[in-house]
Amino acid sequence: MIAGLAKDVPPLHSIGGGVVAVWPKVKRQSTKRCSSWRKRQSTTLPVSALLHSSQNGALLAPACIGLLVGTRKQPAKCRKHRVLCRAQKDQGKSGDDSVYKDTVLLPATDFSQRANAKKREPELQDFWNEKKIYEQLQEMEHPNGSFTLHDGPPYANGSLHMGHALNKILKDIINKFKAATGHEIKFIPGWDCHGLPIELKVLQSLKSKDKKGLTPLKLRQQAAKFAQETVKEQRASFQRYGVWGDFESPYLTLLPKYEAAQLRIFEEMVRGGHIYRGRKPVYWSPSTRTALAEAELEYPEDHVSPSIYAAFKCTQLPDGFSGFENLELAVWTTTPWTIPANRAVAVNPELTYSIVKAVWTESERTPRHLVVASGLVERLQDLLKATLTVEKECAGGELEGIKYEHPITGVETPLVMGGDYITTESGTGLVHTAPGHGADDYLVGQKYGLEVAAPVDNAGNFTEEVGLESLVGANVLKDANSKVTDLLEEKNLLLLRKPYSHKYPYDWRSKKPVITRATPQWFASIDGLRSSVLKAMDEVQFIPESYANRMRPMVEGRSDWCISRQRSWGVPIPAFYRKDTGEPLLNTDVISHVREIIEERGSNAWFELSIAELLPEQYRDSADEYERGTDTMDVWFDSGSSWAYVEGELGSPVDLYLEGQDQHRGWFQSSLITSVAVNGRAPYKSVMTHGFCVDENGRKMSKSIGNVIDPRTIIEGGKNQKLEPARGADVLRFWVASVGFASDVSISLGILKSTEENVRRLRNRARFILGNIHDFDVATEGIPYEDLPVIDQCIIRRAENVFDQMKEAYDAYSFSVATKLLDRFTSVDLSSLYLDLAKDRLYTSGKTSHSRRSCQTVLRWILVNMTKAIAPVLCHLAEDIWQFLPPGEKEESVFLAGWCKPFPKSGEVGARVQDMDNILQLRDPVNQALERARGNKMIGSPLDAQVKIMVKSDSDLYNALEQMAKVEHQSVDGLNWLLSVSQAHYEAVDALPELPNESDESASSEDKDLGVVVIVARAAGTKCERCWVHTTNVGDCKEHPTICLRCADVVQEMGVPSPLETVDSA
């Protein structure tokens, strides 16, 4: 019995740490009250709150604190009464005026609630630079060896965009994680500094007068200056993203040593017989007047070509075609301008062809006999709006021997056998063949010895070789198509004009269409390397795995690589040409000599020195007979040589290449070809690919659409800071980590706002923990695992599992999985569960009590490891947290502290931890019942409630409850504390009862899967002024009559004077 209660008070029953007195049924008692009490009839703090008996429903009338059941009246100015009145008044406020406000141990930390990233992140970066954290990582022990990620070089031709940010941040996340897990990392950032993009930027920046007299050497000097200035700008941006690397010693493709390494590869490929000069059709850009590689093209969907269907008159027929003297070959082309260069019509020998009679019934057109593929007869009938009657069928091979009159020149021209590129998917099944303007056409032409005609100059204009004066000067992308088509119509050879919408190659720099044109160029032979390249690919891991199937067909179907460009800004191809014959001089002796000069003086030496100085000694006597070449190397050969430059520091092959998905036909492939040609293997062990950045509607970012998001604006904010606030680099980094980057990734202001909110929540949870461990020294006050309450051991197990799963996700480059694991743990297990339960013992327990120190031990361990786990992604937030940790960690930076470590001596998962997991499942049905009670206005907060759990006696949950009732730390592991209510008890049942009807006095819920019914009633006892838990022992401590005995012990230990003394002094 509680001291001071009358003898007729019934026995007290313990329920989950609280007490309930159960009276038999009685009438409501009449209690005399003072005037002060009557004025406060609406108070929520009677001495013994409405108590509800589960046995008989008896109700005890409220009585004033200090009054016993009966009629004895306290003096009006009783000291205790005045204290109680003050307590009632205080509880109607926020608590700031409570006499115990200073006894609650609230969080205290200088760690800012706001990130203030625009100011704080640069401060942290200065700290890293000052302490040389990246350099220290190189000097540490590396138990797991080295990890090498080779950086693909971006073009140094402008400011960074979201694609750059996505790429470099992904690389940095990987490097930081690998460093944390015991790997040596060395990241050498690179830049592609040659090529047309930079040359065009320079030309656009020059005034008209400056362009006059602009020599190749002067242009190169301007281009080098522009590239170096851009590198400086981009480098600062990458570093602002929080990216680490050897930014003071990057690799630049314009460095003399880099150019020499590139020429060494070229020399080895010449030695291996892989380089040759030939006249072959290549992609040619009339707008920029240079040859282009496949990787320099883009294919917009909305290009419309002026396609035509034409008829070429046969002049010679093979046996078996008698009776068809006026036979014509029906052809289709989307490039009428190539017809002057026609040298054959090709058919597929495996297809079936028909001779059809075409009759136009609704026009004056005369009937004609045409050869078409049998599978296209019906389609052509609809297109030509004519009746096509099949008069003969034959195999394609039977057409061999047909000759026809060239539609422009009138020269007799052959029909030849083509390949499987001729199908019945479109056209007529007969292909107009111009070997100078198509790759397939060229190969057929080589087979039949056809002329490689290409009567087009660098600007795309017809030359005199076109064969017809009226066509000379016509531009193939402008008026040539219509002129050729009109000419065919005049000769009655035109069957149909039809605009054709399809993908067509465009120059990715000028955004203008390109053509296919045969010109003298330098090529790398792919045929001689193809099998070796494909074999090397088999040894490479592709991430995602499906992308292996994307790159392989590209290599299988790739034609020879045109490596020469007609530009000034690049690494010169060290070839000389005889003035009299044009015969090239290019061998390993010449290349080796020029390479040595360039390694010492840079590639400008090619333009500065005389030919005699550039030639090896054995050729100098005939220097006057040669002129130097003006071609430079394809920039993909530049970047594809980067492995050779970094090989000395990174080794070869490196562990990983990581770029956008377009690099399967770009850098991944050029690097693979050069490495296989020189070393016989791939330069990488793994290739990982990310998608492109698009808006929330999946559209490519475009200034015309207005959906471009600048990474600099994300970090520093825009002109309107309200609409575009400075979110900091960590928000950008968290977005990168949280998206599924294997495919295209969406970004928008809404997505960024949501991402920022996720980062803010992480920051605030860390701040809460920091505030609650500010007075804790883990070295002297930490609690060992075996002495921790079971709930603490349970959250440790969950955290360890999450950190292990995050490591697996990081290892698999599944960063979005890692961030989701972290978010779920911090939101559900940490914030909604553990931190919610921890507040009571952190705030109201004794400062050095076991319950508080055990919680601080766990919180500190979780925060330290959580900080390590987020560091690869949220590098600034992690470092910020680390700098505010109380003493206990010897490392000056989180990045020197390694990866997450298990809690010391945590060992195997104990049976009680498993029991705790079972019991915590009760929180969902209990919270449902509490929410209903709150909705019925029966309670205000969960601490106003008591809970009864009816659980099936044969369930694991009942056994867990029985075991947990026996554990040592009931002040933490007690059922009422785990459910966040003032009292709780459970009752075993054979079968679950029906849910009782809802009322003002109770609320309920059930969980059939768990096998429980939950009943909520108002808590018994009185609300403690300090901890707000309802208990019947409030008032048992005479010195502190408004608080529970638990709180009274704490405040007495703290030396807090009795409020009764305060009243006396007042």
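In which helix is the place of R923? The legends below, drawn from a predicted model, take up this residue and other local views.

View A. R923 lies in helix α30, which covers residues 923–935. Its relative accessible area is 10%; because the cut-off for buried is under 20%, R923 counts as buried. Leaving aside residues up to four places away in sequence, R923 touches S832, L833, D836 and L837, and also L978, L979 and S980.

**View B. The mixed sheet β35-β34-β37-β36.** Four strands make up this open sheet, in the order β35-β34-β37-β36, with mixed pairing. The edges are taken by β35 (983–989) and β36 (1002–1007); each has a single partner strand, so one side of each has no neighbour in the sheet. From one strand to the next, the twist averages 20°. Strands β34 (residues 945–952) and β37 (residues 1012–1018) run antiparallel and are joined by seven bridges. Within this pair, Q946 stands opposite A1017 of β37.

**View D. The parallel sheet β4-β30-β31-β23.** This open sheet also has four strands, ordered β4-β30-β31-β23, and its pairing is parallel. Its edge strands, β4 (149–150) and β23 (541–543), each pair on one side only. Strand β30 (residues 654–660) pairs with strand β31 (residues 684–690) in the parallel sense, over six bridges. G660 stands opposite H690 in β31.

View E. Two helices are shown with the strands they touch. Helix α5 (residues 162–180) packs on the sheet and touches β4, β30 and β31; its direction makes about 155° with that of β30. Helix α20 (residues 667–679) also packs on the sheet, touching β4, β30 and β31. The direction of α20 makes about 145° with that of β30.

**View F. S610 in a loop between two helices.** S610 is placed in the loop that lies between α16 (605–608) and α17 (611–614). Is S610 buried, partly exposed or exposed? S610 counts as partly exposed because its relative accessibility is 31%, and this class lies between the cut-offs of under 20% for buried and over 50% for exposed. E627 is 17 residues from S610 along the chain, and the C-alpha atoms of the two are separated by 9.9 Å.

Key:
Residues are numbered from 1 along each chain as its sequence is written. This is a predicted model: local features need pLDDT of at least 70, side-chain atom pairs count only at pLDDT 80 or more; totals for chains, interfaces and linings use all residues. Side-chain values use heavy atoms; hydrogens and water are left out. Two strands pair if DSSP finds at least two bridges between them. Contact means heavy atoms within 4.5 Å. Axes are lines fitted to C-alpha atoms, for helices over the stretch in contact, and angles run from 0 to 180 degrees between N-to-C directions. Buried means under 20% relative accessible area, exposed over 50%, partly exposed in between (1.4 Å probe, protein chains only).
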